[in-house]
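User: I'd like to go through this model with you before I use it. Could you take me over it step by step?

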Amino acid sequence: MLGYTACFLVIQYLLASGKLDFLSDTLSNMLAVISGSIISLADDGIVQRGTLLIHKGSFDAVTIDNSCNALELMLVFLAAMSIYPTTVKYKLKGLTLCSVVLQLANLLRIITLYYAVDLLPDYFD
């Protein structure tokens, strides 16, 4: 348990100090590009600018903030996997699978929010 706590505290320090901002920014931009590409397959009314997804007709937008890219959750999972008693091979497989599943769920969340903001504007600021 001490190993997990130490790893978790190091990760929290790195996040709070901004030393992982480059990774977070890259992940947010990547999510915006992929989300925009997926939405554009069914809806030509999308404009993607950086981490902003804008609906052309209503100018409603969704921004993918650095706190919304699941990086922190992946790093917490990394801390947990680091102390799990198994081989490095299985740890890497688990981390890879978890990261992919988290990002797929995140893409679904972003796309759902994009349409929810446009279709249900009364529920958003």
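User: How much of the protein counts as buried?

Analyst: Of the 125 residues of the protein, 30% count as buried, where buried means under 20% relative accessible area, exposed means over 50%, and partly exposed is anything in between, with a 1.4 Å probe and protein chains only.

User: What should I know about where these values come from?

Analyst: This is a predicted model, so local features need a pLDDT of at least 70 and side-chain atom pairs count only at pLDDT 80 or more, whereas totals for chains, interfaces and linings use all residues. Residues are numbered from 1 along each chain as its sequence is written, and side-chain values use heavy atoms, with hydrogens and water left out.

User: And what is the mean pLDDT?

Analyst: The mean pLDDT of the protein is 87, and 98% of its residues reach 70 or more; pLDDT is the predictor's confidence in each residue, on a scale from 0 to 100. Confidence is lowest in helix α1 (residues 2–17), with a mean of 82, and highest in helix α2 (residues 21–42), with a mean of 92.

User: How many helices and strands are there, and in what pattern?

Analyst: The protein has 4 helices and 3 strands, and along the sequence they follow the pattern α-α-β-β-β-α-α. Helices (H or I, at least four residues) and strands (E, at least two) are DSSP runs, numbered from the N terminus. The C-alpha atoms fill a box of roughly 55 × 30 × 25 Å, taken along the principal axes.

User: Let's turn to contacts. How far apart are V76 and I11, in sequence and in space?

Analyst: V76 and I11 are 65 residues apart in sequence and 7.8 Å apart in space, C-alpha to C-alpha. V76 belongs to helix α3 and counts as partly exposed, at 24% relative accessibility.

User: What about L9 and A79?

Analyst: Those two are 70 residues apart in sequence, with 9.4 Å between their C-alpha atoms. L9 is in helix α1 and counts as exposed, because its relative accessibility is 53%.

User: Where does A61 sit, and how far is it from D118?

Analyst: A61 is in strand β3 and is partly exposed, with a relative accessible area of 36%. From A61 to D118 there are 57 residues in sequence and 8.1 Å in space, again C-alpha to C-alpha.

User: And I34 with Q48?

Analyst: The C-alpha atoms of I34 and Q48 are separated by 9.9 Å, and the two residues are 14 apart along the chain. I34 lies in helix α2 and is partly exposed, at a relative accessible area of 33%.

User: Changing topic: what is the phi of F59?

Analyst: Phi of F59 is near 60°, which is a positive value in a residue other than glycine. Most residues other than glycine have a negative phi. F59 is in the loop between β2 (52–55) and β3 (61–63) and counts as exposed, at 66% relative accessibility.

User: And A70, is that one buried or exposed?

Analyst: A70 counts as buried, because its relative accessibility is 18%. Its phi is near 65°, a positive value in a residue other than glycine, and A70 is placed in the loop between β3 and α3 (71–83).

User: How many aromatic pairs are there?

Analyst: The count comes to 1 aromatic pair, and Y114 and Y115 form it, edge-to-face, at 5.1 Å centre to centre with 80° between the planes. Rings of Phe, Tyr and Trp (its six-membered ring) pair if their centres lie within 6.5 Å, and planes under 30 degrees apart count as stacked, over 60 as edge-to-face and the rest as tilted.

User: Which ring does the charged end of K89 sit over?

Analyst: The charged end of K89 sits over the ring of Y90, 5.9 Å from its centre; the rule asks for NZ of Lys or CZ of Arg within 6 Å of the ring centre and within 35 degrees of the ring normal.

User: Last one: where is Y123, and is it buried or exposed?

Analyst: Y123 lies in the segment after α4 (88–119) and is exposed, with a relative accessible area of 68%.
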